[in-house]
Amino acid sequence: MNRFDYVKPATVAEAIAAAAAPGAAYLASGTNLLDLMKGNVVRPARLVDITGLKELTRIETSGNGDVRIGALVRNADLAYDASFAKDFPAVAEALLSGASAQLRNAATVGGNLLQRTRCAYFYDTASACNKRTAGSGCDARDGENSQHAVLGWSEACIATNPSDFCVPLTAFDAIVEIEGPAGRREVSLDALHLLPGRTPERETVLVPGEMIVAVRLPAAARAFAGHARYLKVRERNSYAFAVVSTAAGLVIENGSIREARLALGGVAAKPWRAREAETLLAGQAADARAFERAADAALRDAKPSGDNAYKIPLARQLIVRALQAAMQGTPARMPALPASPFSSVPGVLHDA
Amino acid sequence: MTPELNLSRDPAHIRHGSNIGQPLSRVDGLAKVTGRATYAADNNPPGLLYAVLAVSSIARGRVTALDVDAAKAHPGVVEVMTQANRPPLHADPDGKPNPFAFRFEALQNDRVRYANQPIAVVIAESLEAATEGAALLAPRYEAEPARIGLDADAAYVPPAVGMGSPAEERHGDVEAALAGSDRQITAVYETPPHYHNAMEPHAIVAEWQGDRLVIDTPTQGLVMMRARLAELFGIAPENILIRSPYLGGGFGGKGLMAGPQVLGILAAKMVGRPVKLVARREQLYGPFGHRSPTRQTLRLGANAAGQLAGIHHHARIATSSFEDFYESAAHLTHTLYAAPAIATTYDAVRMDTGTPLFVRAPGIAPGSIALESAVDEMAAACGLDPLAFRVKNYAEVEPSTGKPFSSKALRECYTQGAERFGWWDRPLKPRMMRDKDGFLVGWGMGTATFHALMFAGQARAVIRRDGSGVVESGAHDMGQGAWTAFAQIAADSLALERDQVTFRAGTSDLPDAGIAGGSAHTATVGTPIHNAGAAVIAKLAELATSDQRSPLFGAGNAGVIARSGRLLRRDDEGRGESYADILARAGLDQVEGSGSGMPDPAANEQYAMHSHGAVFAEVKVDPDLGQVRVTRMVGAFAAGRIINPKLVKSQLIGGMIWGISLALHEEAVTDPRSGRIMNANLGEYHVPVNADVPAIEAFTVEEHDPFVNPLGIKGVGEIGITGSAGAVANAVAHATGFRVRRFPVRISDLVRAGA
């Protein structure tokens, strides 16, 4: 077998020390990393198994009302935490729309943030991929690219970030807490992932040895709880990555929008925060015209990277829909088919 | 006609049972859900080594270098088998001894003919070592441009399609019929390559015991595979034992022997130890067959009243560069709708892929979605309801041959299916229905059809001294429920309760059960079981009626009845005795009989034999986002005698789900430059998940068929797909007013169309 070191530290400090070795990778539940290793897409020299770090498994509320989610909290545990789901319903909905029940039971918060793209050319080691092997080229550019990016892509890479969870997180100004050899630091989730530019092999601002230890949702994000949705268009009704997804949150006062949050998934190498659209919405009447203008603003710079021009009108429609859904108010109960356009249909619901 | 068949059709001795027709749960269900059922790869004989395939990443060219030294140097690697050192075979893998022997790769040379073709086998003490050894081979290639896609090469007319059907078949003058029609449509439909994607991957555990070969491998055709292996390894068939008690899905993918199984056996020979070889998921997309992509052109003509005048169904299909297999996608058009002129034609291209082979409902599945879509388009052109149009063009006899049907309860399927679905409330025009949430609602239907086949098969039956029975036939359970259905037929064949009969199947040393394919297995194996039981009862009756000490003495001419382990005088049921008593008095430990079955050539000459059905589907489509959800399906099927209604319902529902898949999900995405399949995994090769599967109702209508075979069985394994895929596609068109003709229907299609 491919020999690699395996260590299982007991503390964060030990883990960071262990990961200082060249070629080390942190292993949480491995729902993505182990697949990548089996496919020879990545070959870490050392796995630092952090699943023993119990301190990273807690969901806590701090004095200022921020909610701090340990990096090892399982996706399902977070989504089904009643208090969390009540305060951040779009985040819970996004989590429950991802992958399958089995994967959500295993996958962790930190792992979700760092999952790799699903671009088939990244996984296929016989294909050229600048992300996998810097400078090798991009076979997706002229290949099967109907699912690829329409925002923020470069000639070097047109891959998308597949996370659902990250979309509402970036919309609601989540903060990522990082520990590393040089100590502790924080970045906004929006700043965690990098656009490809000429260096698509660099996907995040993390430097070797750094570990995500927690994600924090600011207390202020609770203001959107009454008007927050995550909607996801996909080629089958569950267990599929987003063709396009949208997180929308509104604060409504006297029928008009006091504040708006909007982000897109499935369209770029990072979860795509649409700040200009948010600014346009603030102070407007919550009506279709405002939503359409916001959608146009969010997609002003969108352009196809291949056989994917349809994603732009699709994203536009989805933004309008998500804003409408947010306007109507967060459903009292989590839809049986979370994030689905069909989630409002009674009588035909199934567990996702 | 065999004596057994005579006996069973007009029996002197009658057997009574009530096991057939009971909705029994699977007899192997408990073993499967508790993990006690051993599938091929669950076997671990002492001394086992692990073999891993190294496969090609190019689709066409030559392997110029393999780093065998690096692989062999890896700890745990025992041997690396390449074209330079693999043990000889007795027959050429590229030979064609019979039409069912398909050419395969067993490292016979350095050529690469498709991506994922095996190019070496690494054998090691552990799976991990073999896997890493295979990675270390780092093959180098001399690549040639891959030919991928239905326009990749010059098209030609294939010599034959399917299993020997003509590539051009014309009844009546189609061109004249079309030219003279009031209404004409021409439409082109495309279906992508499909892979079987059985849950259980292909696997083999092979062990040589001197000249004797013992293998565990999933197969839908034990005796056929044994014969092929005997020829390839130059040993007698009797020296090969294949064990295949359970298959984790077959779908045609395990019907024929494939190259990797031969490589597993060669590996075991090379190292002199048992070897296990399991194909990884992505390796299943190559050497094990798939469904050819199709591009089908349908031309239909009808008069103003909606009576079909002519149908021309042309199919462009693909085969591999080195083998001929042609998906008979157009052929069902000869059997379904009553048009005076029908023509089917084909052309084909060679591609650098593995050879396309049998996939569930070969030919019919892709042909059906195209024909049913086209019929819907024609109905619309005539301003008729799709069901009314189909009924108007109902074929009372098989259209192309003029033969009567052996049985055909399709009209009842239409009526009962439409009733249960509520079809007659359907607005004629598309895009007329919305639900209260604003989703577009559409209703579509399709006619299901599949030929009723049977193959030659054999069985053996025994009644033992204690009155219990044993019935044996090398049948195959792919998950469809063969263990259960045959146990039911076996019990009735001996007029015993089911728990008094031991049924044995799943190994190659049992009587030949043919192949579990063509939806024919129940007829193929049920008939010989039925006849073997009859033969045993006849022998018991002979013993009793010729013995003066028996209460049945002298009943020979009147005959006897077998019921519940006893023989009774037909003319006086008060007189009789038990099987055990008959055997005891005769001083016999057991009495044995054998039975066979085969299709009746006279009946096949006289009658067209098909199952039929009608499938109705409701879909909802998001008008802005193009996402589709099937919300309701009803399927009514006529398939002759139903042995086990519970299993049959499962088969039909499974087929209908496959139909949803064909219409909305399944597609192997091939990079046209490299020839590699870019979604060779179950995460991204989409098949429906629970959320895609609505409330499905599947039921059978009464149908008695005295001609197909003695038991009147027509088969239900594949028909559920047909009709269903078209019903879903037609429902999408009815919901949106937009006809997608390239399957599967994608969100991008509906967004572009402004769904």
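Q: Why does B:Arg739 count as buried?
A: In this predicted model, B:Arg739 has a relative accessibility of 16%. Buried means under 20% relative accessible area, exposed over 50%, and partly exposed in between (1.4 Å probe, protein chains only). The value of 16% therefore places B:Arg739 in the buried class.

Q: What conventions apply to the numbering and the values?
A: Residues are numbered from 1 along each chain as its sequence is written, while chains are lettered from A and ligands numbered from 1 in the order in which they are written. Because the model is predicted, local features need pLDDT of at least 70 and side-chain atom pairs count only at pLDDT 80 or more, whereas totals for chains, interfaces and linings use all residues; side-chain values use heavy atoms, with hydrogens and water left out.

Q: Where does B:Arg739 lie, and which residues does B:Arg739 touch?
A: B:Arg739 is in the loop between helix H16 (724-736) and helix H17 (747-752) of chain B; helices (H or I, at least four residues) and strands (E, at least two) are DSSP runs, numbered from the N terminus. Leaving aside residues up to four places away in sequence, B:Arg739 touches B:Ser373, B:Asp376, B:Glu377, B:Ala729, B:Asn730 and B:Ala733, where contact means heavy atoms within 4.5 Å.

Q: Which residues form salt bridges with B:Glu144?
A: B:Glu144 pairs with B:Arg60 at 3.4 Å, N to O. This pair links distant parts of the chain, 84 residues apart: B:Glu144 is in the loop between strand E7 (140-143) and strand E8 (168-171), and B:Arg60 in the loop between strand E2 (49-55) and strand E3 (61-65), of chain B. B:Glu144 also forms a salt bridge with B:Arg111, with the closest N and O atoms 3.0 Å apart.

Q: Why are B:Glu144 and B:Arg111 placed in the class they receive?
A: B:Glu144 has a relative accessible area of 28%, and is therefore partly exposed. At 32% relative accessibility, B:Arg111 is likewise partly exposed.

Q: How many salt bridges does the rule find across the interface of chain A and chain B?
A: The rule finds 6 salt bridges across this interface. One pair that meets the rule is B:Arg752 with A:Asp307, whose closest N and O atoms are 3.3 Å apart.

Q: How many residues of each chain are in contact, and what area is buried between chain A and chain B?
A: In the model, 40 residues of chain A are in contact with 46 residues of chain B. The buried area is about 3,600 Å², with carbon and sulfur atoms giving 55%; buried area is the accessible area (1.4 Å probe) that two parts lose on being put together, summed over both.

Technical notes
A salt bridge is a side-chain nitrogen of Lys or Arg within 4 Å of a carboxyl oxygen of Asp or Glu.
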